[in-house]
Amino acid sequence: MTGGTSKLEATYTRALGAYPRRWRREQGEELIGVLLYVARSEQRTKATPAELFNLVGNGLATRGLELLGSVGRRRRNGIAFTATVLATYLALTLTVLGEWGPWVRPGTLRWRPTGEGFGEAFLAAGPFTTAAAAVYLALLAGFVAALAGRSQLRRTLHLSAAATAPLIPLSGAVTGILAPPLTPMLVLSGLALLALIGNPAASASRRVLLAAVTAGASLAGLLLAVSRLAGGSALFFYDATSVLAVDARSLTLAAAALMLTVGMVLVSGTRLIPWTAGLAVAAVPLLVRLWSGDSLETWLAGAGLAGPAAAHWEWGFLVLALATAALTAAGQQLRSRRLQPA
C-alpha cells in the first residue's frame, strides 16, 4: 500500500500543478493529505477521473482569479451570476431553436438560402440534431445545481461544458458531421468559465434572484428570437450566412458583448467607474442590433417615426454615455467629500 500511496501522492501533486505556485505552497500539502485520506478510506490506490478533473479545473479557475487581481468576492460573484444567466439563456434558446424544436428533424432540413439540403452527416443523437445538445444540457443542469446549492456539481458541469464546447465544431469539421459553428461554442465556453470564478447563488435570496432573472431573460430572449424567425427556418439558426434576422451567432455575440460590458464595470476600480459606465451606455445600440436583428428600426418605421432621427437613433447614446460618465464622476466626488471627516 505504501508504494501505491506514493504513486497516488505523485499523481495528486502533478494535478495540483494547475494551481498557482503560491497557493500550492500555502495549501497544497493540506489538500493532498485530505485526498490521500479519502483514497485510503475508499481503499483506492488510483485517483478517480472526477478527482483529477476537478483538481485541474479548480486550479485553472484559481489562476484566473489571480489574474483578476484585487477584484473582491462580491464582484466575482456578480460576474459569475451574469455568466450563469447568459449561459443558461443561450443553452435553452439553442436547444429549442437549433436542436429539439418540432421543426428540427432529419429529412426536413432543407433550409439553406439555396433551398438545398445539408451536405453534412447527421449524428444519431436521439431527439437532438447535433452533439452540441450535450453542452447545452450540461449548462442547464449546472444552473439547476446552482439553485440547489450543489456547488461542486455546478463547477463540474460548467467545466465540462467549457472543455467540450469548442471540440464539437472542430470534430464536426474533421468528420463531416453536422455541428454548430465555432463562434457560438467559444462564447458558451467562455461564459461557462466565467461562471466558475465566483458563486452565483451564495445565499437563499441570491438563488431566488438567479432563478427569477434567468427565467425572465430566457423567456424574453427566446420569444424575441422566435418572433424574428422566418417560417420553417429553424436550423438556419446555426448558419451565419443565413437570411435570418437573428441566429446563433448574433445571439451569442450579443451575450458576449453584454458579459464584457458587465465584467468591465465590475472589475473597474473606483477611478475607472465613470468611464466604464459611459462605455456600458454606449454599447446599448450594439446589443440591441445583435439581439433584435434591427427590430427597433422596423418598429420605428411601422410607428410612422421613420426619418433621420429614427435612422440614426444610436447617436443619442453617445451623448447619453458622456452624460452618464460625467454624472457618475460627480456623484463619486460628492460621496468622497461627504465621507471626509469635518
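Helices (H or I, at least four residues) and strands (E, at least two) are DSSP runs, numbered from the N terminus. This is a predicted model, in which local features need pLDDT of at least 70 and side-chain atom pairs count only at pLDDT 80 or more, while totals for chains, interfaces and linings use all residues. Residues are numbered from 1 along each chain as its sequence is written, and side-chain values use heavy atoms, with hydrogens and water left out.

The predictor's confidence in each residue is pLDDT, from 0 to 100. Its mean over the protein chain is 78, with 75% of the residues at 70 or more. Over residues 110-115 pLDDT stays under 50, and the model has 21 contacts (heavy atoms within 4.5 Å) beyond four places in sequence for them. Residues 299-307 also stay under 50, with 6 such contacts. Where pLDDT is low, the predicted coordinates should not be read in detail.

Helix α4 covers residues 73-100 and contains Glu99. With a relative accessible area of 0%, Glu99 is buried, a term for values under 20%, whereas exposed means over 50% and partly exposed lies in between (1.4 Å probe, protein chains only). Thr130 is 31 residues from Glu99 in sequence, yet their C-alpha atoms are 6.7 Å apart in space.

Leu182 belongs to helix α8. Leu182 counts as partly exposed because its relative accessibility is 35%.
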